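Subject: Structure handover

Hello,

Here is the structure for you to look over. My notes follow below it.

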Amino acid sequence: MKKIVEVINLNLFLNGQQILENINLSIEEGDFLAIIGPNGGGKTSLLKCVLGFLKASSGEINLFGKRLSNFKDWHKIGYVPQRSIDYYIKLNPLTVKEFLELPARVYRQKLDYHRLMDLIHLFGLRDLLSYKLSQLSFGQIQRAQIVQALSLSPEILFLDEPTVGLDFMNQKALYDLLNQFTLEGLTVVVVTHETWLLHKGIMKVACLNRRLYFHGKHEDFCALALSSPEMGISSDYHLISHSHW
Amino acid sequence: MDEFLSYLALIKWGILAASFFALASSFLSPFIILNRNTLLPHVLTHLLLFPLLFLAILWPDGPQSLVLPLAVVLTLLLSLFIWFLKFKVYLFEDTSSSIVIHLSLALVLILAVKSSQYDYRLLTFLFGDVMLVDWQISFLSLVIFLATLLLVYKYKWKLFLSSLGWELPGLNLKVGNLYYLIFLTLQVVIGAKIVGVLLVSAFYVFCGILALKIAPNYRLVFLITPGLNFFSILGGMVLSYLMDIPFSAGTIIFMSLYLVPLFFIPRIRK
């Protein structure tokens, strides 16, 4: 399997505080990985290092076999950030169509409108294209963000806390969809602190709380979580997750 | 009519310079508003006072063509101090601005008292005077307008992302932000010379607000804002002539009419 992301001995200090300690992690093509851990555990910081938003204090990050500093093909990476209140600024002039086209314009890539329209239909955004972002609801913006992240047919999709604010049915629908994308060849990485949300489609789990406590198969994690509550994961996790799915 | 035409002849370079400044400012205005930073041009006008007085004392007979670029550089350095306080000392941006403004004004006061000098050129920056504007200032204003146009054409999306705090993987927004600050400083210095320190920042607020409210999409914001800003110059000129008031004040009064639809048309207000 081709390694898409490789993190080697990564350390991150912010304001004198160590956020990430000696992280070693690799994400292979076709993986559906959940990065879980408590609040403040460094999940989003790790994601930000990988996506180039934060500069690691030491260590190495490789994307598609290239050092992060030399990596240029950022259009191969889709990213759904944690929802920001800024989307709701009343003065935001961006229409949904412009929002979906944004990565293509910024990365100067040709947009496959056929595929984009398919995604727009799939996520039920067809009637909203001329709406301004400020007119959309919470859930509609979340869908628009996912379509935007997928608009350039990325090879890997990162989602940071994608289920926050979504009701149970929409959470399940989102994970089902991500599972479907994985089966079609997309590599998916979800950052979440809601461990009970771990979907049966998730193949691998990385448990992070400053250090990487676990990185392996989902079923192995479930077994370990039950036997080692000191990992910081509730032992209820297994029961809850399996009763839901 | 003849009287109006002779008035026009008197202020033709001023009107031309003001028009180019209005167009240039309109291209940065949407980013400033979206960034909730509409007081930044106002801050820069305050910072500008110190370099102007400093240069007037140090170099009383200095030609405008050299004094203005030096004023830009010094104002930029002072404005970078705001960024330093914000990002390195972790203060809020308005707190940082307030500290630097007061420091700058204190230095202005000390310089003015200690040197016991009064420079008439300072007054032209404080209140602006379209009648004193010559072809050189108009040409400079045109150059800044064209350069701003290029900047916005090249960095339109990055400036937009940056103004809303949005991020896309691997995107470096720092260069665009630095250019944005440099161009804003350039505009404020030339704008202060034309319409005065006291009113220059209004060009970044009134028209941009209405454009962001009524534009059906992002692209049209960059057609509506320059149109409204340019129209304000014409309106201000007519008001100034009819009511015998300063041109810059007439322009701002005219601009304030743009807010009327926001009060009375709920569809726009939303």
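Start with chain B. Helix 2 (residues 40-58) and helix 4 (residues 93-115) of chain B pack with their axes 9 Å apart, at an angle of about 25 degrees. That makes the two helices of chain B roughly parallel. Roughly parallel means under 35 degrees; over 145 counts as roughly antiparallel, 65 to 115 as roughly perpendicular, and the rest as oblique. Helix 2 of chain B passes helix 4 of chain B in a left-handed crossing. (Left-handed: the near helix is turned anticlockwise from the far one by less than a right angle; right-handed is clockwise.) Helix 2 of chain B contributes residues including Val43(B), Phe50(B) and Ile57(B) to the contact, and helix 4 of chain B residues including Ser97(B), Leu105(B) and Ser115(B). The residues of this contact divide into 14 nonpolar, four polar and no charged.

This is a predicted model: local features need pLDDT of at least 70, side-chain atom pairs count only at pLDDT 80 or more, and totals for chains, interfaces and linings use all residues. Residues are numbered from 1 along each chain as its sequence is written, and chains are lettered from A and ligands numbered from 1 in the order in which they are written.

Other terms, briefly:
- Contact: C-beta atoms, placed from the backbone, lie within 7 Å.
- Elements: DSSP runs, helices (H or I) of at least four residues and strands (E) of at least two, numbered from the N terminus.
- Classes: Ala, Val, Leu, Ile, Met, Phe, Trp, Tyr, Cys and Pro are nonpolar; Asp, Glu, Lys and Arg are charged; the others, Gly among them, are polar.
- Axes: lines fitted to C-alpha atoms, for helices over the stretch in contact, with angles from 0 to 180 degrees between N-to-C directions.
- Strand pairing: at least two DSSP bridges.

Among the residues in contact are Leu151(B) and Tyr155(B) of helix 6 of chain B and Tyr180(B) and Phe183(B) of helix 7 of chain B. By class, this contact has 13 nonpolar, six polar and two charged residues.

Now chain A. An open sheet of six strands has the order 6-7-8-3-9-10, with mixed pairing. Strands 6 and 10 of chain A stand at the edges, each with a single partner strand, so one side of each has no neighbour in the sheet. Strand 3 (residues 32-36) of chain A pairs in the parallel sense with strand 9 (residues 204-209) of chain A over four bridges. Leu33(A) stands opposite Lys204(A) there. Strand 3 of chain A also runs parallel to strand 8 (residues 187-192) of chain A, joined by five bridges. Strands 9 and 10 (residues 211-217) of chain A run antiparallel, with six bridges. In their hairpin, Arg210(A) takes a positive phi near 70 degrees.

Next, the interface. The contact takes 20 residues from chain A and 18 residues from chain B. On the side of chain A, helix 2 of chain A gives the most, with five residues. That side divides into 14 nonpolar, three polar and three charged residues.

Last, confidence. The predictor gives the complex an ipTM of 0.80 and a pTM of 0.83. Chain B averages a pLDDT of 86, and 95% of the residues score at least 70. (pLDDT is the predictor's confidence in each residue, from 0 to 100.) Helix 12 (residues 266-269) of chain B has the lowest mean pLDDT among the elements of chain B, at 62.

Best wishes

Methods:
Contact = placed C-beta atoms within 7 Å.
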